[in-house]
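Q: I have a structure open and want to go through it piece by piece. Can you help me read it?
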Amino acid sequence: VCGVMLVALNVLTTRARLRMFLVVLLTFFALYPARGTVLVYFFYGGAGGRAAWNYTYANPNDLAGICLLMTSLSAGVLVTTRLRWVKLGALAGTLLLPFVILLTQSRGAFIALLACAAFALRAYWRSWKTLVLAAVVIAVGLYAAPATVWERLGTLKQVAAQDVDVRVDDEGSADQRLEIWKVARTIVAENPVTGVGLGAYGRTHYLYAQRSVFRPTARGARDTHSTYLGVAAQTGIPGFLIFLAIIVTTVIDAERTRRRVKLTRPSAALQLQYMELGLFGFLVAGIWGSYGFLVLTYLHLSLIAVTSHLLRSEGAPVAVPPRGLPARGRGGNPAVVMRGARR
């Protein structure tokens, strides 16, 4: 993870390099996990369960969370690129990756997707064309998604209204998850400084879950099913605070940069906003999924930091008054500012 962040921050030092990396990353993601997930689900006998692929993407919740990040990167490329073929590919990714999230039937990622979509469309609420297009895309996605997707997502209402004794019939049942979280909280409370060590949570959970205070549903070498409990349990409270500090400092820096350049570089600022929204959705989904030790978590943070740094280094356009005309005020004439931007 540290190696990936080191390379990303020190190699992606120009706009051209960042653009090329994003195009290559999204292309490979489309060719492998996205394409493979769709083919397996619809053509190779996977329609009866949740969509997944292999390796890291064998866990539907992880696949859905990563798709949230890739959707935000696709949207960012879409609003910044001028190449027609790249724009078409980015548009396809922006539309199809949310559909893959639906196929995974990840309720946490679905909630995060709705939250991100609401924030993204908030700026277009006066544009009826954009809203109509969004409504058409949503309608097509709802129609194309299999019935099993809505059966599982329909349990969100049941989960929201349930008490501890209500069960949802799947491996990630709310009852089981709550019991697993109880074990995780106990592990954090008894190992607050050092944690149990990276990669040691499964074995530790197996031992703790044998205690009589926990119900049998939590037994086994389980995962925490929570990014935040997972980081705290394995690295202790200090490690958890470092994890939060990495996220908070990156987002604060990016948001300051975005607000500074949103008038002079609207497309680049919008790209950065989409990347932040993707991270926001990813962190929301992380309440129910374990993303704390995925490489792509830190790669996305690195991409946000790189994009923010490039915007700052490129600087805002300097107002250059036309020959014979003095600058007006601190901000100058708007036409002059635009001329400076073109220069």
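Q: Which residues does threonine 297 touch, not counting residues up to four places away in sequence?
A: Threonine 297 touches Phe282 and Tyr291. Contact here means heavy atoms within 4.5 Å.

Q: What kind of model is this?
A: This is a predicted model, where local features need pLDDT of at least 70, side-chain atom pairs count only at pLDDT 80 or more, and totals for chains, interfaces and linings use all residues. Residues are numbered from 1 along each chain as its sequence is written, and side-chain values use heavy atoms, with hydrogens and water left out.

Q: Back to threonine 297. Where is it found?
A: Threonine 297 is found in helix H13, residues 295-314. Helices are DSSP runs (H or I, at least four residues), strands are runs of E (at least two), and both are numbered from the N terminus.

Q: Is threonine 297 buried or exposed?
A: Threonine 297 is buried, because its relative accessible area is 4%. Buried means under 20% relative accessible area, exposed means over 50%, and partly exposed is in between (1.4 Å probe, protein chains only).

Q: What lies 2.7 Å from a polar atom of its side chain?
A: The backbone oxygen of tyrosine 291 does. Tyr291 is also one of the residues that threonine 297 touches.

Q: Zoom out. How many helices and strands does the chain have?
A: There are 14 helices and zero strands. From the N terminus on, the elements run α-α-α-α-α-α-α-α-α-α-α-α-α-α.

Q: How much of the chain is buried?
A: Buried residues make up 43% of the 343 residues. The chain exposes about 18400 Å², and carbon and sulfur atoms supply 66% of that. Accessible areas come from the Shrake-Rupley method with a 1.4 Å probe; for residues, only the protein chains shown count as cover.

Q: What share of the contacts links residues 24 or more positions apart?
A: The share is 70%, counted among contacts with a separation of 6 or more.

Q: Which residue forms a salt bridge with arginine 211?
A: Glutamate 190 does, with the closest N and O atoms 2.9 Å apart. Arginine 211 lies in the loop between helix H10 (201-208) and helix H11 (227-261) and glutamate 190 in helix H9, so the pair ties together parts that are 21 residues apart in sequence. Arginine 211 is partly exposed at 35%, and glutamate 190 is partly exposed at 42%.

Q: What about glutamate 255?
A: Glutamate 255 forms a salt bridge with arginine 259, the closest N and O atoms being 3.0 Å apart. Both lie in helix H11, four residues apart, about one turn of the helix. Glutamate 255 is buried at 19%, but arginine 259 is exposed at 55%.

Q: Last one. In the largest nonpolar core, which residues touch the most other members?
A: Of its 66 residues, Phe29, Met70, Leu73 and Leu303 do. A nonpolar core is a set of buried Ala, Val, Leu, Ile, Met, Phe, Trp, Tyr and Cys residues joined through side-chain atoms within 4.5 Å. Leaving aside neighbours within four places in sequence, leucine 73 is in contact with residues including Leu22, Met275 and Leu303. Apart from this core lies another, of six residues, among them Phe99 and Phe110.

Conventions:
Polar contact = N/O pair within 3.5 Å; in protein donor to acceptor, adjacent residues only side chain to side chain. Salt bridge = Lys/Arg side-chain N within 4 Å of Asp/Glu carboxyl O.
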